Amino acid sequence: MSYNVSHRAVYSLNIHLVLVTRYRRKVINQSMLNRLKEIFESTCAKWRSKVTEFNGESDHVHLVISYPPDVEVSKLVNNLKTVSSRLIRKEFNEQVNQFYKKPVFWTGAYFVASCGGVTLEQLKSYVEKQSNPDD
């Protein structure tokens, strides 16, 4: 396992993020998926984060993102959604307008889960094996 090092922290923080198109419309094609990957990678770089895995289907995308401890996940996700929606609607205007009359792309909700690193069992075992101050 590799860790990231910053000025004040050593960390390994990863999230699994799923974004779903509005009304689950099957609007994403392969060229749009490729462009979404580029958009997410450049946006994450601005947040000192990194897309480590990316894939998707016609109505949703999956990302695994590594991020530093001072980044708020909700703000990162909202920025990813805002930037990607704006650019995709601009660059794929004709295709997106076939599915949406209003300027929307993603649903308002998202799925996010922490991932990677150690398992809960490994962590519990580590904590249990720590010596007490009285030892």
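Predicted model: local features only at pLDDT ≥ 70, side-chain atom pairs only at ≥ 80, totals over all residues.
How much space lies in the largest pocket? About 240 Å³. Of the 13 residues lining the largest pocket, S12, C115, G116, G117 and V118 are the closest to its centre.

Now let's step back and look at the whole chain. The protein has four helices and six strands. Starting at the N terminus, its elements follow the pattern β-β-β-α-β-β-α-α-β-α. Is the protein compact or spread out? The radius of gyration is 18 Å, well over the 14 Å that the globule rule gives for 135 residues, so the protein is more spread out than a compact globule. Along the principal axes, the C-alpha atoms fill a box of roughly 70 × 30 × 20 Å.

Next up is the sheet. Four strands form an open sheet in the order β4-β5-β3-β6, with antiparallel pairing. Which strands sit at the edges? They are β4 and β6, and each pairs on one side only. From one strand to the next, the twist averages 15°. As background, strands of a sheet pair through backbone hydrogen bonds, either parallel or antiparallel. Take β4 and β5 as an example: these two pair in the antiparallel sense over seven bridges. Across that pairing, V51 stands opposite I65 in β5.

Two helices go with these strands. Helix α1 lies across β3, β4 and β5, and runs at about 155° to β4. Helix α2 packs on the sheet too, where it touches β3, β5 and β6. The direction of α2 makes about 40° with that of β3.

| Element | Residues |
|---|---|
| Strand β3 | residues 14-20 |
| Helix α1 | residues 30-46 |
| Strand β4 | residues 50-57 |
| Strand β5 | residues 60-66 |
| Helix α2 | residues 73-91 |
| Strand β6 | residues 111-114 |

Conventions: Residues numbered from 1 in each chain as written. Heavy atoms only, no water. 1 Å grid on protein atoms, 1.4 Å probe; cavity = no way out; pocket = protein on both sides within 12 Å on 5 of 7 lines; lining within 4 Å. Points joined across faces, edges and corners; volume = space filled by probe spheres on them. Pairing = 2+ DSSP bridges. Axes fitted to C-alpha atoms, helices over the stretch in contact; angles between N-to-C directions. Contact = heavy atoms within 4.5 Å. Rg over C-alpha atoms; globule rule 2.2 N^0.38 Å.
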